[in-house]
Amino acid sequence: MLDYSAGFTSEGWFQNEMYIVLQLKKSGLSRKEILNDIIEKNSFQMRSESGIRKRFQMVYRRSETFNDELIQFYLMGSRHDQKALLLYSYLRCYRIPYEFYLEVIKYNYLNNKALIQTVEIDYFIERKETESEIVANWRPDTKKRLRSSILLFFRESGMLQKKDSVTYEISPIHMSTKLKEYAKEYDKLLYSFSELSR
């Protein structure tokens, strides 16, 4: 199990950046070669090299959660497939959002509660503080960013849809039949996005 880390609070959605990195990985380049190519061409369209390096580190780390099949699904698949895979990479890299998915989103959905309130995120964080000294020691502004980061990813993926200022509706993510069939056989976490099943 991954350790708790607040690193995800500086994460972004990075859909296009992931595409660029996966294309270069597929072409057989090493990590260093991929980074050099991105810096040289300014593929991420950023102003500073240090900014590119920081973003690359996050995107590359998440790209490592994809095997060859998932890379292919990302590069050749629909925007829906890409969204599902981006959420997947995020949850595979960071423990807090992963546990939030299991303990709040999936739990609520399986118990016929298709809505979550923002206060449930606060309760979830409070619970994690009692379970982990690492989380308990995070600064208040980190915990505030934690909430908005979690919401960003689940909203961008389409799993959470805003109803009003404090309420979100939970809905399974639409995926192509091919990705869904692959996930059903090989990856329970990814498959659960489309079914929100046990």
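Tutor: Helices (H or I, at least four residues) and strands (E, at least two) are DSSP runs, numbered from the N terminus. This is a predicted model: local features need pLDDT of at least 70, side-chain atom pairs count only at pLDDT 80 or more, and totals for chains, interfaces and linings use all residues. Residues are numbered from 1 along each chain as its sequence is written, and side-chain values use heavy atoms, without hydrogens and water.

Student: What pattern does the protein follow along the sequence?
Tutor: The pattern is α-α-α-α-α-α-β-α-α-α-β-β-α-α. That makes 11 helices and 3 strands.

Student: Which residues are buried in helix H2?
Tutor: H2 covers residues 31-41, and its buried residues are Ile34, Leu35, Asp37, Ile38 and Ile39. Buried means under 20% relative accessible area, with a 1.4 Å probe and protein chains only.

Student: What covers the buried residues of H2?
Tutor: The cover includes helix H1 (15-26) and helix H3 (49-63). Contact here means heavy atoms within 4.5 Å.

Student: And what follows H2?
Tutor: Asn42 does, with a positive phi near 50 degrees.

Student: New topic. How much of the protein counts as buried?
Tutor: Of its 198 residues, 49%.

Student: What does the C-alpha trace span?
Tutor: About 45 × 40 × 30 Å along the principal axes.

Student: What share of contacts with a separation of 6 or more comes from residues 24 or more positions apart?
Tutor: In this protein, 68%.

Terms used. Buried < 20%, exposed > 50% of the residue type's maximum accessible area, 1.4 Å probe, protein only.
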